[in-house]
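Please read it alongside the sequence and the coordinates.

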Amino acid sequence: MGNAESRMMSSAITANGMVDVPPENIAKVSTVVNGKIARITHNVLPGKYVKKGSVLALATSTELLDIQQNYLESYLKNDFLKKELVRQQQLVSENAGVEKTLQSAQNNLKMNEAVLAGLEAKLKLSNVDIASLQSGKIQEQFYVYSPISGYIKEVNINTGSNFSPTDVLFELISNEHLHVELQVFEKDAMYLKEGQKVILSGAGLSGKTEGSVFLIAKVFDDQSKAIRVHVHLNDHDAREALIPGQFLTGEIQIDEHEVKALPESSLLREPDGTYILKLKSEGEEVVFDKIEVETGAVQNGWAEILSSGSFENIVTKGAQLFAGMAGEEE
């Protein structure tokens with residue numbers, strides 16, 4: 001016979017989750033003009049790794065041709081407007097000009113420079129060589145480049161496809177900051193700390209791999225009542241083997257804490273639950289109550305008791321044998 005004891009015990013929180021990447025590591029590639037795909041770069045297929053700045057496709061656009069023409073006209077006009085402004089300034093300084101004409105020349109130059117800046121910004125977004133255009137060479141085709149280094153997730157176009165600025169042509173994912181997001185329930189949230197060791201397992205991993213908690217969300221999900229825990233993997237090869245969206249299981253190693261515990265030999269583990277035998281009365285007949293309990297961590301022969309109540313005068317040794325004898329007719 002014995003009583004429950006307070007013991008220091010470390011345990012693991014088991015949680016499910018999935019492989020994830022931060023939003024800045026997902027790129028959806030589109031253009032700022034309407035156009036048509038002339039050619040897709042060889043082997044640009046889902047799963048292929050591409051470096052930042054790699055050419056994904058070659059495209060044509062009549063809209064882009066018009067923008068280049070307007071830019072070139074404004075660029076050439078700008079030189080004329082600058083000379084006209086200088087001429088008007090000189091006339092006014094010699095008292096031979098009109099102030100209103102000078103102001104008009106200044107406004108015309110400012111307006112043209114504003115148009116020029118807007119067109120130049122559009123052209124840069126379409127990867128047009130501005131210096132070449134200023135020399136009079138209009139670019140008939142333009143390239144679609146990869147904005148990040150990563151793996152191609154989706155290819156949404158074919159050669160000859162028409163597209164608009166709202167269309168996503170390619171989707172890429174970088175696993176540079178790939179991590180695992182686990183869902184930990186509210187009852188275990190108090191034990192979480194950044195830096196805790198996590199043992200991860202699941203499809204895609206050859207056995208188990210280690211990680212560590214680097215971020216804990218500050219709010220619970222309204223529906224699941226769980227908190228998001230972000231885990232970094234320590235093994236580079238393990239990160240390379242995982243795919244965003246893949247499900248994993250994690251065991252978060254929590255710090256030692258004081259718990260109420262009974263020896264494992266006290267427990268009656270049965271198909272419908274876990275029980276203990278507590279002394280009810282003694283005299284000519286010794287009577288025990290069979291009480292169902294909820295257990296937590298098990299360590300060094302002791303089991304954490306999560307159920308509330310008083311746990312005194314408990315059968316602490318041979319509970320299984322004792323229960324079996326109690327069930328006999330004699």
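In this predicted model, the largest pocket has a volume of about 260 Å³. Its lining is made up of 15 residues, and those that lie nearest the centre of the pocket are Lys187, Asp188, Gly296, Glu304 and Leu306.

**The largest pocket**
- The elements that contribute two or more residues to the lining of the largest pocket are β2 (12-20) and β20 (295-299).
- Sorted by class, the lining of the largest pocket consists of 6 nonpolar, 5 polar and 4 charged residues.

**Helix α1: length and ends**
- Helix α1 covers residues 62-93, and because each of its 32 residues is counted at 1.5 Å, the helix should span 46 Å, which agrees with the 47 Å found between its end C-alpha atoms.
- The N-terminal end of α1 is capped by serine 61, a side-chain oxygen of which lies 3.4 Å from the backbone nitrogen of glutamate 63.
- Following α1 comes asparagine 95, which has a positive phi, near 60 degrees.

**Helix α1: buried residues and their cover**
- The buried residues of α1 are Leu64, Ile67, Gln68, Tyr71, Leu72, Ser74, Asn78, Leu81, Leu85 and Gln88.
- In an α-helix there are 3.6 residues a turn, so residues three or four places apart point the same way.
- Among the elements that cover the buried residues of α1 are α2 (99-125), α3 (130-134) and β7 (141-145).

- Asparagine 78 belongs to helix α1 and counts as buried because its relative accessibility is 7%, where the cut-off for buried is under 20%.
- The side chain of asparagine 78 makes a polar contact of 2.8 Å with the side chain of asparagine 112, and, residues up to four places away in sequence not being counted, asparagine 78 touches Leu109, Asn112, Glu113 and Leu116.
- Phenylalanine 80 is also found in helix α1, but at 53% relative accessibility it counts as exposed.
- The C-alpha atom of phenylalanine 80 is separated by 9.1 Å from that of leucine 109, a residue 29 residues apart from it along the chain.

**A buried loop residue: asparagine 175**
- Asparagine 175 sits in the loop between β10 (170-173) and β11 (179-185), and its relative accessibility of 15% is why it counts as buried.
- Once its neighbours within four places in sequence are left aside, asparagine 175 is in contact with Val21, Tyr151, Arg239 and Glu240.

How values were computed
Residues are numbered from 1 along each chain as its sequence is written. This is a predicted model: local features need pLDDT of at least 70, side-chain atom pairs count only at pLDDT 80 or more; totals for chains, interfaces and linings use all residues. Side-chain values use heavy atoms; hydrogens and water are left out. On a 1 Å grid over the protein atoms alone, a cavity is a set of points where a 1.4 Å probe fits but cannot get out, and a pocket is an open set with protein on both sides within 12 Å along at least five of seven lines; lining residues have an atom within 4 Å of a point. Grid points are joined across faces, edges and corners, and a volume is the space filled by probe spheres set on the points. Helices (H or I, at least four residues) and strands (E, at least two) are DSSP runs, numbered from the N terminus. Ala, Val, Leu, Ile, Met, Phe, Trp, Tyr, Cys and Pro count as nonpolar, Asp, Glu, Lys and Arg as charged, and the others, Gly among them, as polar. The expected span of a helix is 1.5 Å times one less than its number of residues. Buried means under 20% relative accessible area, exposed over 50%, partly exposed in between (1.4 Å probe, protein chains only). Contact means heavy atoms within 4.5 Å. A polar contact is a pair of N or O atoms within 3.5 Å; within protein, one must be able to donate a hydrogen and the other to accept it, and residues adjacent in sequence count only if both atoms are side-chain atoms.
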